[in-house]
Structure formats: structure tokens, C-alpha cells
Amino acid sequence: MSKLDAKIPEGPLAEKWTKYKASMKLVSPNNRKKLDIIVVGTGIAGAPAAASLAEMGYNVKVFCFQDSARRAHSVAAQGGINASRNNKNDGDSVYRLFYDMIKGGDFRAREANVYRAAEVSSNIIDQLTAQGVPFAREYGGTLANRTFGGVQVSRTFYAQGQTGQQVLLGGYSALKRQVGLGKVKMFSRRQMLDVVIIDGKARGIITRNLVSGEIERHAAHAVVLATGGYGTIYYLSTLAVQSNGSAAMQAFRKGAFFGNPSFIQIHPTCIPVLNEYQSKLTLMSESLRNDGRIWVPKSKDDKRKPNDIPEEDRDYFLERRYPAFGNLVPRDVASRAAKERCDNGFGVGKTGLAVYLDFSVAVGKQGEKVINGKYGNLFDMYEKITGESPYKTPMMIYPAGHYTMGGLWVDYNLQTTIPGLFAIGEANFSDHGANRLGASSLMQGAGDGYFIAPYTVSNYLADEISTKLPSTDSPEFVEAENSAKALLDKFLSINGTQTATSFHKRLGNIMWNFAGMQRNEEGLKKALGMIADLKKEFWSDLKIPGKTEEINQELEKASRVADFIDLASLIVTDALNRKESCGAHFREESMTEGGEALRIDDQYSFVAAWEYQGEDKEPKLHKEELKFENVEVKVRSYK
Amino acid sequence: MKIKLNIWKQANAKAKGKFEKYELDGVDEEMSFLEMLDSLNEKLIKEGKEPVAYEHDCHEAICGSCSLYINGRPHGPGDVIATCQMHMRSFKDGETITVEPWRAKSFPVLKDLIVDRDAFDKLMAAGGFISIDAGQAPDANANLVSKIDADKAFDAAACIGCGACVAACKNSSAMLFVSAKVSQLALLPQGKIEAKRRALNMVAKMDELGFGSCTNTGACEAECPKGIGIDFIAKLNREYLCASFTEAE
């Protein structure tokens, strides 16, 4: 079985990537056109990876479940993208960005990968700007910056509150250019059903055409998964409703290790749950905390309207608890602080599960026009959903499931434990440790896609130049297609009484209550049992209308929910195993007297990489020890 | 509240479609329109009936998946709004709501309320980009861009590619969509180099794909969920005209 080797190059941290690139194997341009690569997913990692590999001359096949590559959920990222360009002359550097990410991730990320992410960050801004991404500018014509949580420099580049859309469309346009040039073949409306392994290497995928229902086989010399995160495990999250963890689970079942599955970021500033019908929670960008102040009333029973509560009766609890970073503490810290206030009865709104995010000082000082320029679309979005204007009355916000730091385990080459199977962007586990800092998801995804995967995939393919493209009639493809078909038929044959969505909602509740912002041994054990029961019920009482040979959205949902149920067990198993608190993973048994997360470095300074052992069997744990040679591991403090 | 629904049902691209009538009780005005449709579907499935197929994903008016024509308007009542941002408080108790897919020759119906918008992807592949490979980019501050131009380019770039402009237009023209991309890139120094080629190629592709011509009714602007204005169409016309006189291709 695969051995856990992170393949981190030798040498000083700052030279690893440069030296490694210089020693990588190359594929000559005339050989590249003989090699085929599959890229699944077209977000901020997938689209650039596909475009860049095609620009190099490889034949690239790209798959997405949406009707167009432009709809991948990176499009909804709001606040910005980090780059260590020191444009503000405020002391930023590659090392400082690296250090902020390592510390922000609570010392649970791999130094070499994080340093490389920081190292390529500046190139990303150049690349995106050259593609026509309209980043915000100063009057003098230079790029503008703002600040994000967990840092003390201003290194975030942005396009109003729609940075993800603009950055994604840059990658999408590069992808469309390659489609026009015939180097990329685009397969939209395709759901990946399995990865095909031949002689131990990833050689293709099985997909379902979501229009005709046809099951298709696609072969390649390498497969790149850029399939995003699985925050929709909570049902209600900031993710698009179709975002899912299925590709990762398919890879996991085929032998790819899953890294730190329980590290899931709960984003502090989202529009709270308003009613029982709600199908999703809307994010309000972290950038709002640049100008917004978070508070609750000092007294539990203060039923006055927010604007009627005088200054002295307000508790700006982040500013009080964390004077050095104030409202810009990292997300995990801000989320828990809000939960603590609400759990103790200080929450506001109908449900008591909300805190205020107040812009009155900023609007007063800077004027509505300036605030509109920075956050106009966010304020509009908030008003459309809630019917209240944040220019006039404070927003109400509450934490919601958002980003998964966990994902497929990859080595320094972004390769999973299956040779030829790569995982990039949010789909892998590698750069954010136990907590991601704001504006670094676009940065990591784009870095993987534009500047890392093209090198490391080539390095792998250099040994495949004489490998013929495998036939899709080979027994491995036939077998994978048959089992995918059997699974679809199984969904339809249950003919029970409950819908896929109703199961997803119940699973989400279990996960939010027992594996959400706070976790403990008793709750996690209980959750494992509840998930197992839910699984039994799912496979005996699911109801799917229609048939497979047509557009069948319920069938699509069911297959995602089936994977979520297994993924939920994996998340809980991982959370149970890690008896320390770190970053977003907060075990009640392990906290300081002040209620902060308490790491146990001598026991848990490792990446938990889980290996599949068969249906309903407990996965096997492999540990990748984390070595910190360039930073001092210390208590993460934002006070 | 209780509502009546009149929804377009069509089994597949080749089938003949028709309106089906549904009634839904217990609708809360805090529900989003999509959540209302979800609860209709949950009810239909439980009754052993075929649910209504429709597209939606981000629920934040940014992915552009929504393609519902509600009571005669793309994205329904309200200005500068996408379907996913609409709440049932925009409707009255007892009201009949008619829901159709986008209607345009270039956007064939695939099933019920789902249309094929691949034509937009083809338009983008015809020229909606700047030809720059990864690794070739100069320093991002090497080309200074005036804040006014950058902001204007952003306004155009805010397009979510939903196709409401085409659905709203009596000629099913894609001029607003194409003009937004052409204008965004022509406003920026890095996009000027291939601006002429881009305008010519995208307009030619638009004709080839069967989109109609623009007759300046402004319906696209009125229905655009991102408020993209027809001044960009004026800019496209200018770019195209200049390119036709000067570009020898």
C-alpha cells in the first residue's frame, strides 16, 4: 500500500521550490501533444490548471457539473485575494505571509507547501491583471489593497465585494481561449462517478451526462481533481447548494488518503438562519470587519432596537477580548466568540442566535459613498434578503459552515497517494492547517492552478511519454462503469418514502450539533451512531422519482447525499481521534482557562491521513509528522 | 399564504411542452422563491409525481444559474435582482404565478425550466479573453489604470452570464452580454491590443449562433440582475465600427 511520503525537497525553506523546479523532469513540446490530462472542476484552481496545461501543449479534457465552467462556486468568493507584494510599504514579505498562514492555521500545516503558496502569490496578481481582471485601483492608477483578519499588514487585492467572480472569470476566460484553440475539450453538465485506476495509476474517470443520463468513460495519462470543498456537509452553509464531496470520496474509496477531514472552517459573518425552509446561508465578506464593529448588548434582557442602545450599554466583545487585532481576529476565534456570547444569552434577533455588525462609525466618518464603493454589493445583498439597510441599522450575523481545510492528502507535488491523481485548490488539505485566513483560498487555488500543478503534473508525465492512452474498453473501465451503473440503479430501486434533501437536512443537523463549532467526545460518539442509523434509513427508505436516462436532479442529489453520509463518519472519526483543540477544531476537553483553543503539540503535531478499509469499516490512520524548522511553535495569541 | 402556480413542463428538448397547474399551501413570505419551488418539489415527490426541473446553485446572485421567467419578466418582479434573491413577500396571498424558462432560439429548452446556454460559452471562446499564457504577465503595476476606467470595466465585468438580457429581448439579442465583455477588456490597457479582433469575432459568432440584432429597446438593461447598462452596447457598436474600418481580417 502507498507510503506516506510528503516528498518535501531538501534545502532552505526559501529555496526549496526554486531548486526543485530546476531539477524537475520536463516533457518536450512535441511530446506534450501526445499526453492527455483530465481536470475535474472549473473553479479558481481547476480552470487555471486546465488552461495552463493546455497552453503548454497538453490535451486537456475538462469536466464540470454546472452548465458552464463560469458557475463554479469560487465565483462567490467576495472579499479578496492575498499577495505578499508589500505595495503598502508596511513590512510585508513572502516570509510574513507564510508566517501569518502557519500561525493562522494554528501550526497544523506543512511549512514547505505554505511557503510556496506565499512565494507564488505575487505572480498570481500579475497574471490575473494581465487577463483583464479589474482589480480596484487608486486614483494614481496603482492597485489598491485592504486588510483581512489575522494579519497586521494590508495585502489583500480586491474587486469590490466580488473578487471571486472576477478572479474566476479571469481563469474561465483563459480556459475558453483554449477551448477556442481546440486544446481543451469541455464537458459541462457531467457528474463524476468514479476514478479509474489501472496498474496502480489514475488513468481516467467515469461520468454521467446529466442531460442524457448516459454513463461515459474518459481516459487520460493523469487526472487532476479540483472539485472544491465539502462544507455543504452541514446542509446549511455558505456554499452553493450543489457543492459536494463526492469526487474526494470516490478517490478515497479507491485508495487516496484523506487529510484532516474534521478541519472545517465556520465563517463568523453570515446572515443567520431565518426559518426552517432555508436552503442556504449567505456569507457577508470578512472584509466588512475592516469597517464594521461587532457587538451585543451588555445586558441579557436588552430588547431595545440596536440604534436605541447607547454606546455604554454595548459590548464590543472582540475589541474587548482581543485588543491587538480587535474585529480582525481570525475566523475561528471570531466565530467562537460570537457563539460564546449567544450561548450565554446575549444574542440578538428573533432566535437569539445573532450578533450585530455595525457600520455607523464608518458611514459617519467616510460617508455612504465611500462605504458603497467598498461593500456596495454586499449591502445590497443583505438588504434583499433581510429587508433592512446596513447603512442605517446594524447587520445581524452568525457563524456558518464555510471552507474545508481538510481534503485529499497530497504530497509536495499535489499528488495524492494514488500515482497520477492530483488534488488542487480546496479539494486538497495542504496549505491552511486547522484554520484558513481570509483571502487565502483564492490565492491557494490560483497558485495551485497557474503555477504549481503545471510543473508537478509535467514532472509526473515525464515518465509517461511512452505510455499509450489506455483503452476505455479495458476491464478496469468496464468494471468502474458497471459499479457506477449499479449504484444508480440501487438508488432508484429503493422506492421508499423520504427525499434525498430530507436526509441531507438531518445529516446536516447531526453534523452542526456534534461536529460543528464545538466538539466533545460524548457528542462525537453519539453522532457516529446517529450517522450509522441515518445511513441504514437512507438505503431503505429513499425515494427518487423518474429514471436514469434523463435529467434527474433528485438522482444527482441522492448520490451526493450518499457520499456525504460516509464523509460525515470520516469527519467525526477524525474529530474523535484528535483530542486537542486547534484552529477550527475545538474540543471542549482541551481549552485554556480563558476559553481559547489549547493545542497539545507533543501528541498531535501531525496531519491525520485516513486510509479507506472498506464499506462501514473504520479507516486506518496514518500520521504525517509536522516539522517546524523555520518558525517557533507557540500559543497563538491575538490579544 | 397560499399560491397557485402555472409552470412550464417539458420532458426533454424534443418533447412538446405545456403549462401545468399546481397549488401550494403554507407558503411563508420569508421563503425565497427557490425555497418555495423546493417545497413544491418535496411535496410532488412524496405524492409520487414528477418534480419541476430548474437550475440554481449559489443563491447569492453571482453564479448565474437561475433562468426563470416569472410573471412575464426574467428573474421576476423587482429591478436589479436575480431569481434567487427574490422572496415570497414580493407576491400576494392567492396570487397565480406563471413560471417559464428563458425563451430564445439560441437557448433551447432541455427540460421544464432548464435551458441550454452553451451559446454564451461559445461566444466567450470566440474572443472573450486576453491572449496571455500563464507565466508571461508583466508586473501588475507596470500598466497604470485610471480608477475611473477600472471602475467602469468592473461594472461591465459584473455580468453573471445568466442570459436574462437575451430572454428579455424581443429579438433574442446577446448584445448586452457581448458588449459587457468587449467593453470591459477594451477599457483596460492590457485588453486594447486585441480589442478590434475581439469585437469582430464575438459579433460574427453572435450572428452565427442565431442571436438577433439590437433594436435599442433597452429591455435587456431593465432586466439585468447586475444593472449592466446599454451604454456598453453603444461602446460595442463603436468598437465594432472602428474595427470594421481598420482591421484587415
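**View 1. Chain B comes in two domains.** Chain B splits into domain 1 (3-111) and domain 2 (117-246), with bounds taken from an automatic or database domain assignment. The C-alpha centres of these two domains of chain B are 29 Å apart. Where they meet, domain 1 of chain B brings 19 residues and domain 2 of chain B brings 17 residues; two residues are in contact if their C-beta atoms, placed from the backbone, lie within 7 Å. On the side of domain 1 of chain B that touches domain 2 of chain B, you'll find twelve nonpolar, four polar and three charged residues. (Nonpolar covers Ala, Val, Leu, Ile, Met, Phe, Trp, Tyr, Cys and Pro; charged covers Asp, Glu, Lys and Arg; the others, Gly among them, are polar.)

A quick note on reading these views: this is a predicted model, where local features need pLDDT of at least 70 and side-chain atom pairs count only at pLDDT 80 or more, while totals for chains, interfaces and linings use all residues. Residues are numbered from 1 along each chain as its sequence is written, and chains are lettered from A and ligands numbered from 1 in the order in which they are written.

**View 2. Chain A has two domains as well.** Here domain 1 runs over 267-402 and domain 2 over 475-625. Their centres, taken over C-alpha atoms, are separated by 31 Å. Six residues of domain 1 of chain A touch five residues of domain 2 of chain A. Helix 9 (residues 331-343) of chain A gives the most to the domain 1 side, with five residues; helices (H or I, at least four residues) are DSSP runs, numbered from the N terminus. By class, that domain 1 side has one nonpolar, one polar and four charged residues.

**View 3. Two helices of chain A pack together.** Helix 4 (residues 94-104) and helix 5 (residues 111-130) of chain A meet at an angle of about 135°, with axes 8 Å apart. Axes are lines fitted to C-alpha atoms, for helices over the stretch in contact, and angles run from 0 to 180 degrees between N-to-C directions. That's why helix 4 and helix 5 of chain A are called oblique to each other (under 35 degrees is roughly parallel, over 145 roughly antiparallel, 65 to 115 roughly perpendicular, and the rest oblique). Among the residues meeting here are L97(A) and F98(A) in helix 4 of chain A and V114(A) and Y115(A) in helix 5 of chain A.

**View 4. Chain A meets chain B.** This contact takes 64 residues from chain A and 62 residues from chain B. Helix 6 of chain A gives the most to the chain A side, with nine residues.
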